[in-house]
Amino acid sequence: MTVASQAREYERRYHEDLYGNHELFTPGTWLYKPAGYVIKAFDLVPKHDYPRVLDLGGGVGRHSIPAAKYFGADSEVVCVDLLESAIEKLRFNAKEHKVEKNIVGVVSDVETYELGDKAYELILSISCIEHIPTKQGVGDLIGRLQAATVLEGVHCFMMITNNEWVDSVTGEKLTPLIEQNLRSEDAISMLKELYAGWNIHDISAKDWEAMQLMDGRDVVLKSTCVQFTAQKSL
Ligand SMILES: C[S@@+](CC[C@H](N)C(=O)[O-])C[C@H]1O[C@@H](n2cnc3c(N)ncnc32)[C@H](O)[C@@H]1O
């Protein structure tokens, strides 16, 4: 098995366990609340009738639901995720929050997802595009996303980079199970290059650390989150 396919399997198990055992917007895990960084990006989005939002790897709705509430009764939020169980839970959560009419759940790999011919006002990727196994694949998807964005539309991404996994007891360095372990400098220069001609509002990096139990071992997960907000200005 390649690292990329092991990573897919690890991701699937991790998210199915998380989404199956923890509720959205309740304390205890990162599902507790949306990222403030994403909510801030909502204000940049052009005020159009029938705004459309695409949430790549949207999971159970941590950002899709706040987006549907923010953009209102005429909005459409398309939430794409690899996991059928995530999309089922997204639909349940959307009903609970009374935005089921505004949210469309799609089970698909974002790399091959057909964007269709209607453009988006806002595209989110919160810990998703770094799961595409190659840089070329990320570049190709971003090209398609840019074409499917209205003038002044906004892209807001958070990408996990510089992944390091260390056994907290022995100090042994483990191979991080992520499809593409980008270095933050490479992710930043790739984004700057791909978004030349767009108005880049922010590109910044924040270190992050957490402990996770993996196959009976306490593992320290260290990474850098690259945050990126840009607006189409061509
Ligand atoms: C860390 S979670 C974040 C979920 C959500 N964006 C949020 O912020 O709450 C990453 C999500 O991306 C999904 N995912 C990973 N790779 C994907 C891919 N290639 N296509 C679609 N979804 C993917 C996972 O199933 C998971 O639900």
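Here is a short walk through this protein, from its overall build to its ligand and then to one residue.

The model is predicted, so local features need pLDDT of at least 70 and side-chain atom pairs count only at pLDDT 80 or more, while totals for chains, interfaces and linings use all residues. Residues are numbered from 1 along each chain as its sequence is written.

Let's start with the whole protein. There are six helices and eight strands, counted as DSSP runs (H or I of at least four residues for helices, E of at least two for strands) and numbered from the N terminus. Along the sequence they follow the pattern α-α-β-α-β-α-β-β-α-β-β-α-β-β. The C-alpha atoms fill a box of roughly 55 × 40 × 30 Å along the principal axes. Of the 234 residues, 35% are buried, meaning that 20 or more other C-beta atoms, placed from the backbone, lie within 10 Å of a residue's own.

Next comes the ligand. It is surrounded by 20 residues, the closest being Gly 57, Gly 59, Arg 62, Ile 126 and His 131; a residue belongs here if its C-beta atom, placed from the backbone, lies within 6 Å of the molecule. Helix 1 (3–21) and strand 2 (76–81) each give two or more residues to this shell.

Finally, look at Met 211, in strand 7 (residues 199–214). Met 211 is exposed, because 9 other C-beta atoms lie within 10 Å and the cut-off for exposed is 12 or fewer. Beyond its neighbours within four places in sequence, Met 211 is in contact with Ser 168, Asp 218 and Val 220, where contact means C-beta atoms, placed from the backbone, within 7 Å.

Technical notes:
Contact = placed C-beta atoms within 7 Å.
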